[in-house]
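Subject: Structure for your review

Dear colleague,

My findings follow it, and I would ask you to read them with the model open.

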Amino acid sequence: MRTAKSSIGGIKPDNVRCDAASEMIVTSPTGLPLPSISAPLGNYERGRIIGNLGYLSGQFPIVDGALAFTGALGAQLTMGEGMEAASIAAANAVAQINHLIAADWGRLSGLLRVDCYLATANDFDDGLAVLDAASARFHSLLADKGRHARSATFVDRLPLHAPIELVVTFAVL
């Protein structure tokens, strides 16, 4: 399980619980644990909230500070590996949203749109099924707040040779 290093503002939010080792575990609205968040990979913000809209920078399948998968689907990676990468990227997006809303899930109205970029071989035709894994992960972590519109773009290569990048727009109260 990924753990949070400290509570927000010295107060333990409702979505933080302690395990037997007294480590704080940040959870989603459905009670599932969230991964630790990664710092931006460049000179930009991880996300912004302006008015009632939130925008996340692209989210990759990063685990413990490193890409869990690299390469193109249908070339270096199988459909199953792509689905796992999509699920990881979706969980990372939810963890970033949690950070931006200061761990107050009551502020999240819901996801609006997920723009999905997949690095694929030219003959890979299962990209939409791969993206369904991300959509399913959003729903498992956020319940109805995880419902979203989606776009899909297939490309030859993504930054760092990542197989997937998710860009999320969400609404806040």
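Helix 1 covers residues 79–100, which makes 22 residues. From its first C-alpha to its last, helix 1 reaches 31 Å, close to the 32 Å expected at 1.5 Å a residue. After helix 1 comes alanine 102, with a positive phi near 55 degrees. Please bear in mind throughout that this is a predicted model.

The next part concerns strand 7 and its partners. Strand 7 comprises residues 108–119, and nine bridges join it to strand 9, residues 164–172. These two strands run antiparallel.

Aspartate 115 stands opposite serine 151 in strand 8, while tyrosine 117 has threonine 153 of strand 8 as its bridge partner.

How are strand 7, helix 2 and strand 8 arranged together? They make a β-α-β unit that is right-handed, in which helix 2 consists of residues 127–142.

Strand 9 has a further partner in strand 4, residues 53–56. Three bridges join strand 4 to strand 9, and the two run antiparallel. Within this pairing, glycine 54 stands opposite phenylalanine 170 of strand 9.

Why is strand 9 described as largely enclosed by the rest of the structure? The reason is that eight of its nine residues are buried, a term that requires under 20% relative accessible area.

Finally, I draw your attention to the surface. Ile50, Leu53, Tyr55 and Leu112 form a nonpolar patch there, and together they have about 340 Å² of accessible area. Of these residues, leucine 112 lies in strand 7. Leucine 112 counts as partly exposed because its relative accessibility is 39%, and that class lies between the limits of 20% and 50%.

Yours sincerely,
A colleague

How values were computed:
Residues are numbered from 1 along each chain as its sequence is written. This is a predicted model: local features need pLDDT of at least 70, side-chain atom pairs count only at pLDDT 80 or more; totals for chains, interfaces and linings use all residues. Side-chain values use heavy atoms; hydrogens and water are left out. Helices (H or I, at least four residues) and strands (E, at least two) are DSSP runs, numbered from the N terminus. The expected span of a helix is 1.5 Å times one less than its number of residues. Two strands pair if DSSP finds at least two bridges between them. A crossover is right-handed if, with the strands pointing away from the viewer, the path from the first strand over the helix to the second runs clockwise. Patches are made of residues with over 30% relative accessible area and no salt bridge: like charges are joined within 9 Å, nonpolar side chains (Val, Leu, Ile, Met, Phe, Trp, Tyr) within 5 Å. Accessible areas come from the Shrake-Rupley method with a 1.4 Å probe; for residues, only the protein chains shown count as cover. A salt bridge is a side-chain nitrogen of Lys or Arg within 4 Å of a carboxyl oxygen of Asp or Glu. Buried means under 20% relative accessible area, exposed over 50%, partly exposed in between (1.4 Å probe, protein chains only).
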